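Biologist: Hey, can you walk me through this one? I'd like to start with what the words mean.

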Amino acid sequence: MELRTLRYFVAVAEELHFGRAATRLYMSQPPLSRAIRQLEADLGTTLFHRSASGVSLTPAGTALLAEARTLLAQSDRLRTRVAAAAGAASLTVGILGDSTDPDISRLAAAYRDRHPNVEVHIRETDLDDPTCGLRTGLVDVALTRGPFNRTGLHVHRLRADPVGAVLRADDPLAARETLTLADLADRRWFQFPPGTDPEWQSYWNAGTHREGPVVRAVQECLQSVLWNATIGLTPLTNHNPGPEFAVVPVLDLPPSPVVVAWSENTPLALSFLQSAKAIYR
């Protein structure tokens, strides 16, 4: 059985409540319930008595709890020793400068709970480097968006977000409920600096050569919209940019993927990936 499943079991066994255990694990309740039922099916026994009054351990569940705690403690010690042997007492995480992702705080809490002795350094980068310094060795792992050139990198998609056009509030298109790329075809779009990953630039220009001012950061994008009526794009999960702007969904633009990227399979980088997969499920 997977260690992750054992962690799920221990949380439920200690909380004796699926809802509280799900909150503790930074996940929703349905996948937690499914994981426990699958564990019971794998073991061929019932681990919890479930009733309207609550949850309690069966004798089999009580026996497993003691063993599971021992195994998890051994796993945590092993992970720490391997990381220390690899000289990785810290982890540098690159985050794209557009990030207002509400799941980041949950991921930080989950990773901190799993690795309380690991110092995590955050490097926030501008929009002209979607790998957040990964290729130049400035970070160990990147929590970022695609698409970009994946050569030499490991990339795992966590989620995909629909995208909208950022317009000035007085723009004639701002009152529309939705837009298509054809509605925006004759407008100026922001550009990234020369040397920016071509796949990244192409996505934010909807696969077509565009003309427009060069920007490097989210605030520069917004100011370009404000001053020049430039078309900007943003994932719809991001916060409202303010009353001066309107964000209108673009129906025919592919969603923007949220990804974890890393170059080396170090224990801490892989553990970060596992934590992210659990949070972004």
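Predicted model: local features only at pLDDT ≥ 70, side-chain atom pairs only at ≥ 80, totals over all residues.

Biologist: Okay, is Asp103 buried or exposed?

Modeller: Asp103 counts as buried, at 15% relative accessibility.

Biologist: And which side chain does Asp103 meet in a salt bridge?

Modeller: That's Arg106, at 2.9 Å from N to O. A salt bridge here is a side-chain nitrogen of Lys or Arg within 4 Å of a carboxyl oxygen of Asp or Glu. Arg106 counts as partly exposed, at 28% relative accessibility. Both residues sit in helix α5 (residues 103–114), 3 residues apart, about one turn of the helix. Helices (H or I, at least four residues) and strands (E, at least two) are DSSP runs, numbered from the N terminus.

Biologist: What does Arg145 form a salt bridge with?

Modeller: Asp161, with the closest N and O atoms 2.9 Å apart. Arg145 is in strand β5 (residues 141–145) and Asp161 is in strand β6 (residues 154–161), so the pair ties together parts 16 residues apart in sequence. Arg145 counts as buried at 5% relative accessibility, and Asp161 does too, at 3%. Salt bridges with shared partners join Asp103, Arg106, Arg145, Arg159 and Asp161 into one network.

Biologist: How many salt bridges does the structure hold?

Modeller: There are 11. One of them pairs Arg69 with Glu14, 3.1 Å from N to O. That one links distant parts of the chain, helix α4 (residues 59–85) and helix α1 (residues 3–15), with the two residues 55 apart.

Biologist: New topic: which residues touch the most other members in the largest nonpolar core?

Modeller: Leu184, Trp204, Leu233 and Leu253, out of 32 residues in that core. A nonpolar core is a set of buried Ala, Val, Leu, Ile, Met, Phe, Trp, Tyr and Cys residues joined through side-chain atoms within 4.5 Å. β7 (163–168), α6 (198–204) and β10 (256–262) each supply at least two of its residues. There's also a second, separate core of 23 residues, including Tyr8 and Leu72.

Technical notes. Residues numbered from 1 in each chain as written. Heavy atoms only, no water. Buried < 20%, exposed > 50% of the residue type's maximum accessible area, 1.4 Å probe, protein only.
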